[in-house]
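Trainee: Please take one part of this model and go through it closely. I would like the helix packing first, then whatever else can be said with the cut-offs spelled out.

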Amino acid sequence: MIRVRKTMMLAGFAAVAMSAVPANALSIVLTNMGGVEEGTDAWIGFTAAAKYWESVLTNDVTVNIRVGFSDLGATTLGSASSSGATYTTAAYKTALAASATSDLDDSVVANLDNLTSNNYRVYTALGKALGLYTNTTNNDSTIRFNNTFAWDFNTNDGFTGYSSDFISVAVHEIGHALGWASGVTQSGNGQAANTDLLRYQNGSWSMAWGGDPYLSIDGGETQIFDRSWMSTGADGRQTSHWKDGARIHDGVTCTQLLEPQIGIMDPTGGICQQGIVTAADLAVMDAIGWTLAWDILTTPTYTFNSAQILNAAFPQFGAVPEASTWAMLIAGFGLVGLAARRRRETATA
Ligand SMILES: [Ca+2]
Ligand SMILES: [Ca+2]
Ligand SMILES: [Zn+2]
């Protein structure tokens, strides 16, 4: 097991990176289960994704995530299996109110009476942010990538062949691990969890399967940034996601988006499709108990794509330098160059 610590990758450019770390900061500790050895494309991708979440969430907690590869079948890019704990809804509401720091939080807290379930389930990573979960050593989530897919690890230069965006899937799966998830199930007996306090249908708080669910921070009156439809379950998409954006996708050639995705927590990632984090993704994180590095309500058009996420963590990959420069960078930083390894990832679980 290799524990991926921030200090390892900061070695080459410590002065630049450390100046951006706030006094209070999230720390995501990645533990390799196989295929994510230090210096590999997968390690760089996972580390960049983790550093992105660390840069936007300021809660002073440590989240432990195991990462690896498995054969997840023909249609699944990645998966996150996360630990959780159940609290009385009263205790959960108290913790959420106590953690409120933003205008967005104040709006959520003002509408907590709409949440009428008896109990509420919270992933352990989110529980740490809320002060509900204090164990610091247990694993919070296990993330697996499909080892049968072709992955592209650097979207600065587009996609090589018909491949999928590794970093955006890593950001998406870590998003689930941090609590971007629903408890809505087809049986109707799903326990309200994580993002469900924001889930409404026709102005009323709802845990129903199907229909037209959306997330709201103002008691169901409006959608978050006017577009926060959710997957319904009945639409064939898992309920822990935004509503799937219309697209043309044959599973072989490049996917064609017919409308912008609501955010990185869209349920599907297409071939040759760059993932993009939006203000809506982050607003939900703020609402469920995390503290953001800035007031997201002031930046409703915020976006950050997978290339920007890679470049923020590993600036040496950002400019797509000429071949001779690549060799120098690789030697200088002791990393395996992404450019030299543009091929189907063959890591094994
Ligand atoms: Ca590429
Ligand atoms: Ca918050
Ligand atoms: Zn997902």
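Mentor: Start with the terms. Axes are lines fitted to C-alpha atoms, for helices over the stretch in contact, and angles run from 0 to 180 degrees between N-to-C directions. Helices (H or I, at least four residues) and strands (E, at least two) are DSSP runs, numbered from the N terminus.

The model is predicted: local features need pLDDT of at least 70, side-chain atom pairs count only at pLDDT 80 or more, and totals for chains, interfaces and linings use all residues. Residues are numbered from 1 along each chain as its sequence is written, while chains are lettered from A and ligands numbered from 1 in the order in which they are written.

Now the helices. α7 (residues 166-177) packs on α9 (residues 306-313) at about 85°, with the axes 8 Å apart. The two are therefore roughly perpendicular (65 to 115 degrees; under 35 is roughly parallel, over 145 roughly antiparallel, the rest oblique). Contact means that the C-beta atoms of two residues, placed from the backbone, lie within 7 Å. From α7 come I167, S168 and V171; from α9 come S306, I309 and L310. That contact has 4 nonpolar residues, 2 polar and no charged. Here Ala, Val, Leu, Ile, Met, Phe, Trp, Tyr, Cys and Pro count as nonpolar, Asp, Glu, Lys and Arg as charged, and the others, Gly among them, as polar.

Next, the sheet. It is open, with 3 strands in the order β11-β10-β12 and antiparallel pairing. β11 (204-205) and β12 (214-215) are at the edges with a single partner strand each, so one side of each has no neighbour in the sheet. Pairing takes at least two DSSP bridges between two strands. β10 (residues 199-201) and β12 have 2 bridges, in the antiparallel sense. Y200 has Y214 in β12 as its bridge partner.

Past β12, look at the loop. F225 lies between β12 and β13 (247-248). Its phi is positive, near 50°, and F225 is not a glycine. F225 is partly exposed, with 18 other C-beta atoms within 10 Å. The scale: buried at 20 or more, exposed at 12 or fewer, partly exposed in between, with C-beta atoms placed from the backbone. D226 sits in that loop between β12 and β13. Its phi is also positive, about 65°. D226 counts as exposed, with 8 C-beta neighbours inside 10 Å.

Finally, confidence. pLDDT is the predictor's confidence in each residue, from 0 to 100. The chain averages 88, and 85% of the residues score at least 70. Residues 1-19 are below 50, with 18 contacts beyond near neighbours in sequence.
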